[in-house]
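Let's take a walk through this structure together, stopping at a handful of residues along the way. Have the sequence and the 3D view open as you read.

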Amino acid sequence: MSVDLGPYLDAVPQVVVDRLRSARHVLAVSHENPDADTLGATLAVVRLVEALGGRADAVCGDPVPPLYAFMAGIERFRLNPDPAAAYDLVVLSDCGSLERIGEVGARHAELFERPPRVIIDHHASNDASGEADWIDPGAAATCEMATLLAVRLGVDLASGDGALAAALMAGIVMDTATFAHPNATPRTLVVSAALVEAGAPLSDISRRLYRTKPDAQLRLFGIVLDRLQSADDGRVIWSSLTEADIAATGAERAHSEGIIDLLSQAEAAEVAILFKEAGRSTRVSVRTKPGGVDATVLTGRFGGGGHARAAGASIEAPLDEARPPVLAEANRLVARLAR
């Protein structure tokens with residue numbers, strides 16, 4: 001491999017390397033409402049463990065959205081761990097706690113708590129502090145970290161006819177919007193170059209994740225965009241997505257992905273917010289402009305987290321009740337900006 005990742009490998013904690021090397025049967029878990037980063041990192045963990053001679057099960061508490069069907073090995077995800085398996089390690093990818101993996105964690109609480117654990121995550125709001133909790137907010141994606149882990153473990157990034165590299169690239173493409181977000185660093189680009197060299201089809205992955213949408217999803221986007229509202233001369237903008245919208249367009253819940261990124265393109269908006277109805281709860285997605293409001297401060301007020309420019313929260317209240325306090329906090333934070 002001509003791309004040298006050696007200068008970045010010290011970022012991988014030795015305890016993470018040791019636990020992966022010694023594990024014989026790993027439970028690799030993604031977060032709920034999965035995206036390409038958590039799925040790609042989890043699939044990578046599975047492939048790394050197997051390359052080292054162990055076994056691994058991939059678990060996601062929610063069904064994997066059809067958008068990610070192109071990822072090799074995606075069919076390996078199961079909704080629940082094997083209750084009869086003797087797991088000797090749990091690896092959480094792209095999340096910081098068992099709460100973030102959803103109801104599957106509650107259903108199998110004892111099974112998840114019993115083995116040692118590794119956490120691999122890049123969210124700045126993650127305050128996990130276990131011995132093998134590897135949190136790197138400087139990484140653009142958890143898949144960027146997992147790539148370095150693969151090299152530290154001596155696993156060929158081209159293994160599986162490029163499937164490992166492709167899974168890792170999918171996560172980086174998703175979390176950087178194909179390197180358009182300010183979280184893409186020189187290390188991100190070098191890691192991505194190594195993945196392309198290992199066989200990751202960058203152009204195809206970017207097309208599938210960002211430039212391919214079914215008609216129902218486009219209709220759903222249209223409804224939400226038509227509902228756009230703003231305050232403070234457009235410095236705060238928001239829209240809402242209801243379950244009735246999904247039913248009316250024939251879309252799926254997963255088709256709401258990407259709407260918040262469209263809202264964030266509003267020229268004057270310092271804060272863009274999407275409120276999504278989820279039964280009796282409301283999910284809130286936030287995007288902010290560089291140098292302005294910290295999205296984790298806004299969502300943290302409501303028990304959420306993420307990154308400075310992109311964060312989210314889940315509020316145990318109907319949409320109409322959840323919206324006002326979030327907007328009030330957004331307006332307060334924007335009003336404090338000097339620009």
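Set aside the neighbours within four places in sequence, and phenylalanine 179 is still in contact with Met169, Ile172, Ala184, Thr188, Leu189, Ser192 and Leu202. Keep in mind that what you're looking at is a predicted model. Where does phenylalanine 179 sit? You'll find phenylalanine 179 in the loop between H6 and H7. Its relative accessible area is 24%, so phenylalanine 179 counts as partly exposed, because that label covers values between the 20% and 50% cut-offs.

Now slide over to alanine 177, in the loop that links helix H6 (163-176) with helix H7 (186-197). Is alanine 177 buried or exposed? Its relative accessibility is 18%, so alanine 177 counts as buried, the limit being under 20%. The backbone here deserves a look too: phi of alanine 177 is near 55 degrees, a positive value in a residue that isn't glycine. Why point that out? Because most residues other than glycine have a negative phi.

Aspartate 233 is the next stop, and its phi is also positive, near 55 degrees, again in a residue other than glycine. This one lies in the loop between strand E7 (229-231) and strand E8 (236-241).

Note on methods. Residues are numbered from 1 along each chain as its sequence is written. This is a predicted model: local features need pLDDT of at least 70, side-chain atom pairs count only at pLDDT 80 or more; totals for chains, interfaces and linings use all residues. Side-chain values use heavy atoms; hydrogens and water are left out. Helices (H or I, at least four residues) and strands (E, at least two) are DSSP runs, numbered from the N terminus. Buried means under 20% relative accessible area, exposed over 50%, partly exposed in between (1.4 Å probe, protein chains only). Contact means heavy atoms within 4.5 Å.
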